[in-house]
Amino acid sequence: MESVGSNDDRGRDTSTSPKAVVLMSRIVTVTGIILFCLFSLRQQSGEVYEHIEESVETSLKVKVEDLPAPSSFSEKNDSSTTFLYPTQTPSSLPTQAPLLPTQAPSLPTQTASSIHQRRIICPLSNQRTLNVTVFPHFIIIGAQKAGTSAISALLETSQSILRSVEFEAHFWNTGTRKRAYSKTNWTAEEKCDIILQYRRFFEMKHAKQDTIIFEKTPRLLALPQVPRLIREVLHPHVPKLLVALRDPVDRFYSAFKMHHEALLKGKNKSASEIVEYVEQEVAQDIEEAYITMLNVGLIDELPAEVQNWNQTTIALNASNTNSSLTCNEKCRLDTYEQRVARGIYVHQIEKYMDYFEIGTELKVVQYENFTRNRRDGLNEILRFVGAPLHNLTEEELQADLSPTSKMVGANGIIIEDNSTEPERVKFPPLPQHLRDILNTLYKPYNAQLEGLLGEEWRNVWSS
C-alpha cells in the first residue's frame with residue numbers, strides 16, 4: 001500500500017481547533033481594548049498631562065532656560081526633550097516617571113485655543129529635560145470691588161474657560177513672591193521653582209484641548225512691584241491681564257463696607273449708631289489717604305476740609321515701626337493699598353503699561369458698561385482672551401452676581417457660595433459731603449485716565 005505521508009503527518013487534523021479559535025478571539029479582543037484605552041488617553045489630554053507632570057516634578061533639578069520663538073520648536077528634533085502640553089500628549093504613557101524621550105511634536109497654529117505656546121525647560125535628573133507649559137492664559141488683576149467676581153462668574157458659564165482652583169489665587173502677592181518684589185537677575189533655578197509652584201493652582205482634570213485657563217487676584221492692580229515680577233518670572237510666556245474699573249467713589253465705599261461689615265457683625269448697633277460710625281471711619285480713611293499722598297508727593301498740602309477735621313493724629317513714622325524701610329519708602333510702596341488711594345487708577349495702570357502692551361496684553365473695561373450689558377461685555381472680554389464668543393442665557397443675564405449669591409459654572413463647579421451667610425449689616429448711603437470730598441480728590445486723576453485710555457473714558461464717572 002502506498003504511503004500518503006510521514007509518520008508525523010499521519011492522523012493530523014488540518015482544520016483549526018476550537019481552542020485555537022477561542023485563543024485568537026481573546027487576542028483580538030485584548031488588542032482592541034488596549035488600542036481603545038490608548039486612544040481615550042490621547043483624547044483626555046488634560047488628565048494625561050496632569051498624571052505625567054505629577055510623576056516627574058519630584059525628579060526635577062529645577063532649572064530653566066529662556067526659549068526662542070515657538071516656531072522653532074516644530075523644527076527641533078531633540079530626542080532628549082520630553083514635551084508636555086495639554087494639547088500635545090505623548091503617544092503612550094510611560095510605565096514610570098516619564099524619562100523615555102519622545103520626539104518634539106509640531107506646535108498647533110496660533111489660534112484662539114493656543115494663544116500662549118510659551119514653555120520653560122527644566123532638566124530631569126538623568127540629564128534629559130522636561131518642557132513645561134506655563135499657565136494661566138490670563139489674569140484678572142483688579143480693581144478690588146470693581147465687579148471682578150461678576151466677570152469671573154460669567155466667564156465660567158463658557159465651556160471654554162476654566163478658573164484656578166482657588167476663587168482668588170493670591171499667588172503673586174504672598175510668600176516668596178512678595179519677598180522677591182525688589183529682586184532682579186533671576187536665576188534659572190528660581191524661575192523654574194516659582195513656575196512649578198504656580199502650576200499647582202490650576203487643576204487639569206476639567207480641562208479640554210482648547211480650554212483657556214485664568215486666575216483672579218484683584219489686589220494685584222494696587223501693587224506696583226507685581227507687573228515686573230510676572231513679566232520676568234513667566235518669560236517668555238506673556239499672560240494677558242484684565243482690569244475692571246469702577247467709579248472710584250462707589251468702589252471705595254463698597255470696599256469700606258466689606259471691611260467694616262466684619263467689624264460690626266454681632267455688635268447690635270442701631271441705625272443711627274451705624275450712620276455715626278460710617279461718618280467717622282470714612283473721614284478717617286480720607287484723612288489717611290491725603291496724608292499718605294502728601295508724604296509721597298502726590299499733593300503739596302492737605303485740603304482745608306481735611307485740615308479742619310483733626311480726626312486723627314496719624315504719625316506715619318510711628319505706624320511703621322516694625323518695618324525696616326523708612327516711612328517714605330514704605331508709604332511709596334503701599335500707597336495704592338490704602339482704601340481711598342486704590343481709586344487713583346491712572347498711576348496703577350501706568351505701572352502695568354510699563355511691562356504689558358495696552359490693548360493686546362492688557363485690557364481695561366468699565367464696570368458700569370459691563371453691568372448694563374452683560375452679553376456684550378462678556379464677549380468683549382472673550383475676544384481679548386481668544387475664547388469663542390458665548391451667548392448668555394436669559395437666566396444668566398438676570399442672575400444675581402453679588403458676593404452673597406450662589407452660581408455654578410459650565411463645568412459644574414460652584415463658583416462662589418455665600419448664600420447661607422447671616423444677615424448683612426445695613427449700611428446707610430455714603431454721606432453726600434464725604435462723597436463730594438472724594439469726587440474732588442479723584443477728579444484730576446480721572447481726567448488723566450482719559451488721556452491714558454482714550455475718549456471713551458471722558459467724564460465716565462462725572463457726578
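Guide: Let us begin with pairing: two strands pair if DSSP finds at least two bridges between them. Helices (H or I, at least four residues) and strands (E, at least two) are DSSP runs, numbered from the N terminus. This is a predicted model, in which local features need pLDDT of at least 70 and side-chain atom pairs count only at pLDDT 80 or more, while totals for chains, interfaces and linings use all residues. Residues are numbered from 1 along each chain as its sequence is written, and side-chain values use heavy atoms, with hydrogens and water left out.

Visitor: What makes strand 7 and strand 8 a pair?

Guide: Strand 7, residues 240-245, is joined to strand 8 by five bridges in the parallel sense. The requirement is at least two bridges, so the two strands pair. Within this pairing, Leu245 stands opposite Gln366 of strand 8.

Visitor: Why is one side of strand 5 and of strand 8 left without a neighbour in the sheet?

Guide: The open sheet has five strands in the order 5-6-4-7-8, with parallel pairing. Strand 5 (161-163) and strand 8 (362-366) are at its edges and have a single partner strand each, so one side of each lacks a neighbour in the sheet.

Visitor: How do you know that Glu156 and Arg163 form a salt bridge?

Guide: A salt bridge requires a side-chain nitrogen of Lys or Arg within 4 Å of a carboxyl oxygen of Asp or Glu. The closest N and O atoms of Glu156 and Arg163 are 3.0 Å apart, so the pair meets the definition. The structure holds 13 salt bridges, and a network of them links Arg219, Glu337 and Arg342.

Visitor: What makes Lys183 partly exposed?

Guide: Its relative accessibility is 25%, so Lys183 counts as partly exposed. Glu190, at 30%, counts as partly exposed too. The side chains of Lys183 and Glu190 meet in a salt bridge, at 3.3 Å from N to O.

Technical notes
Buried means under 20% relative accessible area, exposed over 50%, partly exposed in between (1.4 Å probe, protein chains only).
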